[in-house]
Amino acid sequence: MSSEFGRNIKLSIFGESHGKAIGCVIDGLPAGIKLDMEKIYADMARRAPGQDKYATPRLEKDIPVILSGVIENETTGAPLAMIIENTNTRSGDYSNIMTVPRPSHSDYPAYIKYGGKNDVRGGGHFSGRLTAPMVFAGAIAKQMLKAKGITVGAHIAKIKDVQDERFDKKNITAELLNKLSARHFSTISAAAQEKMRAAIECARMEQDSVGGVIECAAVGLPVGIGSNMFSTVESHLSSILFGIPAVKGVEFGAGFAFSDMTGSQANDPYCIKDGKVALMSNHNGGVLGGMTSGAPLVLDVVIKPTASISRPQQSVNLQTMTEETLVIKGRHDPCIVPRAVPVVEAAVAFALADMMM
């Protein structure tokens, strides 16, 4: 099992959903980074559970405790170690899935891979709870990027069949991204947000779940970050984004819509703006040949519906090898998309900071 990411700044995440604590070690941070802990706490709170009926009622404050690598809120250059205590666990809720795997969850392949020794309580190390340390690391990366004039932000582009307004890929401002990053339920359109909440509530009442799409952007990036072949911006960002549980798709710019275009429609012509080279459109999402083009970096992340739902589902008993109806207990989100927005921001920010070191 590998839980490490990064080439220049290495992030290692540890712990299980219902263990004593979760946390991370960040190695390679330069000394002298002044950390704004209030901003870190704010990002952690956006991801934290138990805040409204649209999320799991499991209440965890997610307060990070820094063990090393920081003195008086300033990095020392030593590995930064952090833990978050798990204080609101109900492990007994998962007794029936020890041998009866949840459909569309990691239970079955993990049972085979680890010989049934893996921790299934709350998903164990496969749980979305492990994204809390990622948000912590990403919050630090955001501050590193901000010092270079780079801003990362995201919003809920879609939940089920309800669409939010989309970014104008050519004209995205740091002001807009900062506004979106300050919201718990992050949408551009207030009307779309209300419809999304209604769709989530409908799924919750039906003991079901819904998924969606998160649109993320970064502005202020210089030209030329990344490289070709196996060191592209797309491959590096996709690697960490697919580490987020429930992510099933990542596309940059127009993405799969390129298949409906001609070259003349898809190409981004150049022009001179304020004495500098600029792009007249941004179908490629700010990446050309694996490198940043100077246009806003824009990508979509697809989040599947929460696998753990309350309605009865067909499964199998792995000990008796018979079919069995599974009723999942425990506390689960009817839609994890709102809480995944700060996670996507964090993943993109950390990957960019890693590439820019």
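Tutor: One definition first: two strands pair if DSSP finds at least two bridges between them. Also, this is a predicted model.

Student: OK. How many bridges join E8 to E9, and which way do they run?

Tutor: There are 2 bridges between strand E8 (residues 151-159) and E9, and the strands run antiparallel. Ile159 has Val162 as its bridge partner in E9. Lys158 is partnered with Gln163 in E9.

Student: What's in the turn of the E8 and E9 hairpin?

Tutor: The hairpin has 2 residues between its strands. Lys160, in that turn, has a positive phi of about 55 degrees.

Student: What does E8 pair with over 8 bridges?

Tutor: E10, in the antiparallel sense. Ala154 is bridged there to Cys216 in E10.

Student: Is E8 mostly covered or mostly open?

Tutor: Mostly covered: 8 of its 9 residues are buried.

Student: What's the strand order in the sheet with E9 and E8?

Tutor: E9-E8-E10-E16-E11, an open sheet of 5 strands with antiparallel pairing. Strands E9 (162-163) and E11 (247-252) stand at the edges. Each has a single partner strand, so one side of each is left without a neighbour in the sheet.

Student: Which helix packs on that sheet?

Tutor: Helix H8 (residues 337-356). H8 touches E8, strand E10 (212-219) and strand E16 (297-303). The direction of H8 makes about 145 degrees with that of E8.

Student: How do the axes of H1 and H8 cross?

Tutor: At roughly 140 degrees. The axes of helix H1 (residues 37-47) and H8 come within 7 Å. At that angle H1 is oblique to H8.

Student: Which residues meet there?

Tutor: From H1, Asp43, Arg46 and Arg47. From H8, Arg339, Val341, Pro342, Val343 and Glu345. By class, the contact has 3 nonpolar, no polar and 5 charged residues.

Student: New topic. What's the order in the sheet with E1?

Tutor: E1-E2-E3-E7-E4, an open sheet of 5 strands with antiparallel pairing. Strands E1 (4-5) and E4 (65-68) are at the edges. Each has a single partner strand, so one side of each lacks a neighbour in the sheet.

Student: How many bridges hold E4 and E7 as a pair?

Tutor: 3 bridges, in the antiparallel sense, with E7 covering residues 80-85. Ile66 has Met82 as its bridge partner in E7.

Student: Which helix lies across E2, E3, E4 and E7?

Tutor: Helix H3 (residues 131-146). H3 runs at about 35 degrees to E3.

Student: Back to H5. Is Met196 buried or exposed?

Tutor: Met196 is buried, with a relative accessible area of 0%. Met196 sits in helix H5 (residues 190-205).

Student: What does Met196 touch, leaving out residues up to four places away in sequence?

Tutor: Ile156, Ala157, Lys158, Ile159, Val162, Gln163, Asp164, Phe185 and Thr187. Take Ile156: it lies 40 residues from Met196 in sequence, and the C-alpha atoms are 9.3 Å apart.

Student: And Ala190, buried or exposed?

Tutor: Exposed, at 59% relative accessible area. Ala190 is also in helix H5. Ala190 and Glu165 are 25 residues apart in sequence and 9.9 Å apart in space, C-alpha to C-alpha.

Student: Where is Ala182 found?

Tutor: In the loop between helix H4 (174-181) and H5. Ala182 is exposed, with a relative accessible area of 63%. Its C-alpha is 9.7 Å from that of Lys39, 143 residues apart along the chain.

Student: Last topic, cysteines. How many disulfides does the structure hold?

Tutor: 0.

Student: How accessible is Cys271?

Tutor: Its relative accessibility is 27%, so Cys271 counts as partly exposed. Cys271 stands opposite Ala278 in E13.

Student: How many bridges join E12 to E13?

Tutor: 4 bridges, between E12 (residues 270-273) and E13 (residues 276-279), which run antiparallel. That hairpin has 2 residues between the strands, and Asp274 takes a positive phi near 55 degrees.

Technical notes. Residues are numbered from 1 along each chain as its sequence is written. This is a predicted model: local features need pLDDT of at least 70, side-chain atom pairs count only at pLDDT 80 or more; totals for chains, interfaces and linings use all residues. Side-chain values use heavy atoms; hydrogens and water are left out. A disulfide is a pair of cysteine sulfur atoms within 2.5 Å. Buried means under 20% relative accessible area, exposed over 50%, partly exposed in between (1.4 Å probe, protein chains only). Contact means heavy atoms within 4.5 Å. Axes are lines fitted to C-alpha atoms, for helices over the stretch in contact, and angles run from 0 to 180 degrees between N-to-C directions. Angles under 35 degrees count as roughly parallel, over 145 as roughly antiparallel, 65 to 115 as roughly perpendicular and the rest as oblique. Ala, Val, Leu, Ile, Met, Phe, Trp, Tyr, Cys and Pro count as nonpolar, Asp, Glu, Lys and Arg as charged, and the others, Gly among them, as polar.
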